[in-house]
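The structure is shown first.

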Amino acid sequence: MATTFDVLAEPTRRRILDLLLERSRPVGDLVEELGVSQPGVSKHLRVLRDSGFVRVRQDAQRRWYELRPEPLAEVDAWLTPYRRLWADRLDALERHLDAEER
């Protein structure tokens, strides 16, 4: 099975997650938004589903895909030590700008 980072390395899958962040969508909507063939979108959705990033909800003849945020916790945990670097730099920028105003 692919790791979280393997799954997210693919730009089309990241775009699908971005679209599902807005709202649940059927495959047809994703095909239209992405400009990718239906089999291509389905392949990416299968990877996302197998890795836990999305869930499928059946509604009559349509399958709705929804974002599952739990796998993103791994990415968040990995980024935690790097946030400190940005926070330190942003704090330094704020001090610099405050000094410039005086």
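Which hand does the crossing of α2 and α3 have? In this predicted model, the crossing of α2 and α3 is right-handed.

**Helix α2 against helix α3**

Helix α2 spans residues 11-22 and helix α3 spans residues 27-34; their axes come within 11 Å and cross at roughly 120°. Angles of 65 to 115 degrees count as roughly perpendicular, so at this value α2 is oblique to α3. On the α2 side the contact is made by Thr 12, Arg 15, Ile 16, Leu 19 and Leu 20, which meet Leu 30, Glu 33 and Leu 34 of α3. Sorted by class, the residues of this contact are five nonpolar, one polar and two charged.

**Helix α4 and its two partners**

Helix α4 covers residues 38-50. The axes of α3 and α4 come within 9 Å, crossing at roughly 110°, and α3 is therefore roughly perpendicular to α4. This crossing, too, is right-handed. From α3, the residues Val 27, Leu 30, Val 31 and Leu 34 meet Gln 38, Val 41, Ser 42 and Leu 45 of α4. Six of the residues in the contact of α3 with α4 are nonpolar, two are polar and none is charged.

The axes of α2 and α4 lie 10 Å apart, at an angle of about 75°, and these two helices are therefore roughly perpendicular to each other. Here Thr 12, Arg 13, Ile 16 and Leu 17 in α2 meet His 44, Leu 45, Val 47 and Leu 48 in α4. The contact of α2 with α4 consists of five nonpolar, two polar and one charged residues.

| Helix pair | Axis separation | Crossing angle |
|---|---|---|
| α2 and α3 | within 11 Å | roughly 120° |
| α3 and α4 | within 9 Å | roughly 110° |
| α2 and α4 | 10 Å | about 75° |

In soluble globular proteins, nonpolar side chains tend to be buried together. The largest nonpolar core of this model holds 17 residues, and the members that touch the most others are Ile 16, Leu 17, Leu 20, Leu 30, Leu 45 and Leu 48. At least two residues of this core come from each of α1 (4-8), α2, α3, α4 and β3 (62-67). Helix α2 gives the largest share, four residues.

Which residues does Ile 16 touch, not counting residues up to four places away in sequence? They are Leu 30, Leu 34, His 44, Leu 45 and Leu 48. Ile 16 takes part in the contact of α2 with α3 and also in the contact of α2 with α4.

**Two loop residues**

Glu 10 sits in the loop between α1 and α2. Its relative accessible area is 23%, so Glu 10 is partly exposed.

Is Ala 60 buried or exposed? Ala 60 has a relative accessible area of 65% and is therefore exposed. This residue belongs to the loop between β2 (54-59) and β3. The phi of Ala 60 is positive, at about 60°, although Ala 60 is not a glycine.

Definitions and conventions. Residues numbered from 1 in each chain as written. Predicted model: local features only at pLDDT ≥ 70, side-chain atom pairs only at ≥ 80, totals over all residues. Heavy atoms only, no water. Axes fitted to C-alpha atoms, helices over the stretch in contact; angles between N-to-C directions. Parallel < 35°, antiparallel > 145°, perpendicular 65-115°, else oblique. Left-handed = near helix turned anticlockwise from the far one by under 90°. Contact = heavy atoms within 4.5 Å. Nonpolar A, V, L, I, M, F, W, Y, C, P; charged D, E, K, R; others polar. Core = buried A, V, L, I, M, F, W, Y, C linked by side-chain atoms within 4.5 Å. Buried < 20%, exposed > 50% of the residue type's maximum accessible area, 1.4 Å probe, protein only.
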